[in-house]
Amino acid sequence: MNWQKLQWIDVRILYVIILLCLLIPMFKPIGLPVSISENTRKVFEAIESLPDGSVIWVSHDTGPGNAPELNPMISAVARQAFRKNCKIIATSFFNEMVGPALTQEYIESVAKEMGKEYGVDWINLGYRVNASPAILQLLIDDINKAMSGVDWKGEPLDKFPIMKEVKSIRNDVDLIFVTTVGTPGYGDWMTYVAEPLGKPLTGGASLTMYSGLQQYIRSGQLKGFLGGLRGAAEYEQLLKAPGKGLAGMDAQSLGHLTVIIFLILGNIGYFASRKKA
Amino acid sequence: MTLEQWGNITATICIIMAWSYLYKGENPLYTFAEHILVAIATAYGIAYTWETQLKPRVMTDMVKNGKWSLLIPAIIGILIYAWFFKGYEWIARLTMAFWIGHGAGYALAFNPPVFLKQVFDSFIRLNSFNNIVYFLVVITALMYFAFTLRKDRGILKYGSQFGRYALMVAFGSAYGSITMAYLSLIIGQLQIIFKDTLHLVK
C-alpha cells in the first residue's frame, strides 16, 4: 500500500467524516461516562459554600464564536445560585451584539423555571465599552454610575428592587463568576476587582484559553475552573441537571477520537514519505 | 410561527452559508453571510452604545443633572477623530496618551500583588513527582528565555534545551485544547440546526 497518500487525503472528506462522527451520537447517544475534575468541583464548592441569599456577580464575557461552549455554564451557575436563593447581577463585557442577549436568554430560562423574578432576584446590566479598566474600576464602589444608571435594555436601575440592595461590588457582592474568551479576562477581573477587594473569583472559559490560565488556578487566585463544553458538562452532572453541556459530550468524545485517528494516519504518511526519500 | 423559530431558521441558514466556505472557499454565499454579520454587528453596536452609554451620559448626567464637567473627557475622546484630518493627525495622539497613560499606570499600580502571588506559588516543596516536574519546568523555561547569557555549554545548554521541549509540550497541550474547543463550537451549531430548528434531536 502507498502509505504516503495518507498525507494527501482531501480535507473535504475529513470534514464529512468529522461531521458524521459528531452527528451520529446526537441522534443515538452512547452515554459515555463523564468524570468530574477537581477544577469543576472547586467551582461548584465555591458557590455551594456561600450563605443562602448571597449576591453573585455573573459576567458572561463571550462573543458569538465561543458561545456554544460557555452558554451551558451560565444556565448551570444560575441554577445553582437560584437553588440557594442567591441573587445574580449579570454583565457581559466582551461583545455588545450577542453577549447581553445570550446572558438574558440563558439566565431567564432558568429563572422562569425556578420562579425567580427579573429585577428582584436577578438583573442583566449588559455591555459597556472599554470595560477594562475603566468600568471595572468604577463597579467596585458604584455600580449605578459604572453602568450609566441603566440595565441592558436602557431601563433605569432605580426602578429595580435588587439595585436598592446591591450598590457596589465592594460591600454587596460575595462572589464573582466570569466566563471569558478574551478581554476582559481573568487577569483584568483579578487585577482590578477580585484581588484588591479579596473577593473569590471563579468561572469558566473557552478551552482555547485553558493552558494560559493554569498559573491562576495553581496559585488559587481562581477558585476552580470550567474548561469549555466538557467543564460545563461536569458542572451539570454535579448539579444533577443535564443540559446542553452533557448533551454534547458523546459527540465531542467521538470527534476527538476521529481527530486522533487522522493525526496518527497523517504521521504514518509523513514518516513513510521520509523513509522513501 | 414564533419569533424564536424564525430566529432559529435564520441562524441555520447563516450557519450553512458560512460553512459553504469549507467546500468552495470564498464564495458568494459565504461572503453574503459575512457581510450580514458585520453589518448587523456595526448597526447594533452603535444603537446599543447610544442607548446604554451615550444617552444616559448626555441626557441624564449633563442635561438633567448639570454635570457639564463630563464634557472634558468627551472632548479628549472626540480628539481621536483628528486622524481623519490631514495635518492634524498629531492631535489624536493626545487621546491615545491619556488612554495608554492611565491604563498602564493603573495596571502597574494594581498588578504586582497579582503577579507576585504566582511567583510565590512556584516556591514549592519538592515532595512529589508533580512538584519536581513543575520546579524543573519553571527553572529550565526561564533558562531558555535568558537571551543575554551564553548557552552553548554546561548547565545552561542542557537546561534551555529541556526548557524548549517543555514549552513545546505546553504549546501542544494548548493546540489540543483549541481543537477540542472548535469541536464544541461545531456541536453547538449542529444543536441549533438539528435540535432547535428541525427538532430531530431530543
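Several elements of chain A cover the buried residues of helix α2(A), including α3, β4, β5 (201-205), α10, β6 (226-227) and α11. The model is predicted: local features need pLDDT of at least 70, side-chain atom pairs count only at pLDDT 80 or more, and totals for chains, interfaces and linings use all residues. Residues are numbered from 1 along each chain as its sequence is written, while chains are lettered from A and ligands numbered from 1 in the order in which they are written. Helices (H or I, at least four residues) and strands (E, at least two) are DSSP runs, numbered from the N terminus.

Helix α2 of chain A spans residues 38-48, and its buried residues are Asn39(A), Thr40(A), Val43(A), Phe44(A) and Ile47(A). They lie on the same side of α2(A), because they cover an arc of only 145° around the axis. The arc is that of the directions from the helix axis to the C-beta atoms. An α-helix has 3.6 residues a turn, so residues three or four places apart point the same way. A residue is buried if 20 or more other C-beta atoms lie within 10 Å of its own, exposed if 12 or fewer, and partly exposed in between; C-beta atoms are placed from the backbone.

Most residues other than glycine have a negative phi, and most peptide bonds are trans. Thr183(A) and Pro184(A) are joined by a cis peptide bond, with omega about 0°. Pro184(A) sits in the loop between β4 (175-180) and α9 (186-197). Ser148(A) is not a glycine, yet its phi is positive, at about 55°. The loop that holds Ser148(A) runs between α6 (143-146) and α7 (162-165) of chain A. Ser148(A) is buried, with 22 other C-beta atoms within 10 Å. Lys240(A) also has a positive phi, near 55°. Its loop lies between α11 (228-239) and α12 (244-247) of chain A. Lys240(A) counts as exposed, with 7 C-beta neighbours inside 10 Å.

The UniProt annotation "transmembrane region", from an unreviewed entry, covers residues 12-32 and 254-272 of chain A. UniProt positions are given in the numbering used here, feature names are shortened, and annotations may be inferred rather than shown by experiment. Residues 12-32 of chain A are 76% helix and 0% strand, with end C-alpha atoms 28 Å apart. Residues 254-272 of chain A are 100% helix and 0% strand, and their end C-alpha atoms lie 27 Å apart.

Chains A and B meet through 45 residues of chain A and 43 residues of chain B. Two residues are in contact if their C-beta atoms, placed from the backbone, lie within 7 Å. On the side of chain A that touches chain B, α1 (11-27), α3 (67-83), α9, α10 (214-218), α11 and α13 (249-276) each supply at least two residues. The largest share, six residues, comes from α1(A).

Chain B has six helices and zero strands. Its radius of gyration, taken over C-alpha atoms, is 27 Å, whereas a compact globule of 202 residues would have one near 17 Å (the globule rule is 2.2 Å times the number of residues to the power 0.38). The C-alpha trace of chain B spans about 70 × 60 × 40 Å along its principal axes. Buried residues make up 8% of the 202 residues in chain B.
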